[in-house]
Amino acid sequence: MTDSVPTPSSGVLTIEGECSGFACASYQYGSKSTNLGYCNCITAVTEWGNITRIPNHAFRDCSKLAISAVPDGVTSIGDYAFYNCSNITLATLPSGVTSIGSYAFYNCNKIALTSLPSGITSIGDYVFYNCSNITLATLPSGVTSIESFAFYGCTNLALTSLPSGVTSIKDNTFYRCANMNLRTLAGITNIESYALAYTPMAEADSLTLPEGVTTIGQYAFTSSDDSVLKEINIPSTVTSIGGCAFHINGAVRGRTVNILAETPPILGVNDQGAYSNFDRIEGVTIKVPTGCGAAYKADESWVASGYAARVVEGL
């Protein structure tokens with residue numbers, strides 16, 4: 001269903017391009033259609049009118065569109081608004097923007113944002129998927145949710161921390177964000193599947209998760225062949241660890257996993273039914289609190305995974 005937008009005072013959005021022999025010269029808000037999505041002939045917007053909102057699907061798949069700015073009066077950018085607009089080159093967004101819809105800049109790999117407007121409070125699914133040239137070092141302090149795949153493949157994302165209101169890192173949120181070096185996950189309680197896979201945090205010498213983390217999804221910290229992650233420190237609050245959560249795509253390496261939980265976290269399997277939660281069994285030593293070893297060695301998921309045999313006490 002197509003979104004609707006208010007008519008700007010000028011009434012006309014002027015564009016450039018040609019479709020099947022007729023000129024795409026102007027577009028009237030309030031007419032039958034309220035977007036120009038799927039029209040790959042459009043190359044530019046020369047007059048925006050006094051718009052305040054860019055509707056859902058507005059320029060979806062307009063792959064030839066080559067804009068470098070969004071009008072200052074815009075406060076909302078709808079779902080799929082610039083989806084697959086691979087030639088737009090935005091460096092900033094209007095300071096008044098408070099809402100950016102899901103998939104809004106999906107695969108817009110030429111946008112080069114260095115910051116987001118301070119009024120943003122949530123970042124939706126797939127918003128900046130594969131936007132490899134954005135270089136955000138911080139997110140607005142008011143952000144409380146970052147949804148699945150939001151920054152997937154943003155290889156130049158430069159975050160070192162997350163806003164204090166964010167408590168969950170969703171599926172694939174920061175997958176392959178190779179330059180994002182989070183220094184802490186303070187305040188995070190839930191880390192979902194592939195959330196931080198192939199990031200510097202997954203490939204450092206050691207990784208310490210803070211107290212408060214309860215769930216770690218499958219492949220959450222999976223890493224590449226040259227990973228050097230030798231020590232993993234898991235807090236007492238963790239209750240479940242997904243299949244291949246700390247898997248290395250390569251040869252067996254010595255690794256120590258320190259788990260402070262007195263009750264054994266449930267070990268899950270991946271989509272193919274494999275455990276491999278801490279990488280290859282023969283390359284792992286798992287240390288648990290003194291007096292808790294028997295519980296780990298008797299736990300059904302620990303026995304089934306084979307990791308029960310790698311448990312030693314001493315924390």
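Guide: The charged end of arginine 60 sits over the ring of tyrosine 83, 4.5 Å from the ring centre; a charge counts as over a ring if NZ of Lys or CZ of Arg is within 6 Å of the ring centre and within 35 degrees of the ring normal. Arginine 176 lies over the face of tyrosine 198, 3.9 Å from the ring centre. This is a predicted model, in which local features need pLDDT of at least 70 and side-chain atom pairs count only at pLDDT 80 or more, while totals for chains, interfaces and linings use all residues. Residues are numbered from 1 along each chain as its sequence is written, and side-chain values use heavy atoms, with hydrogens and water left out.

Rings of Phe, Tyr and Trp (its six-membered ring) pair if their centres lie within 6.5 Å; planes under 30 degrees apart count as stacked, over 60 as edge-to-face and the rest as tilted. The count is 28 aromatic pairs. The rings of tyrosine 126 and phenylalanine 149 are stacked, because their centres are 4.5 Å apart and their planes at 5°. Tyrosine 126 is buried, at 18% relative accessible area; buried means under 20%, exposed over 50%, and partly exposed in between (1.4 Å probe, protein chains only).

Tyrosine 194 and tyrosine 219 also form a stacked pair, 4.8 Å centre to centre with 10° between the planes. Tyrosine 194 is partly exposed at 24%, whereas tyrosine 219 is buried at 14%.
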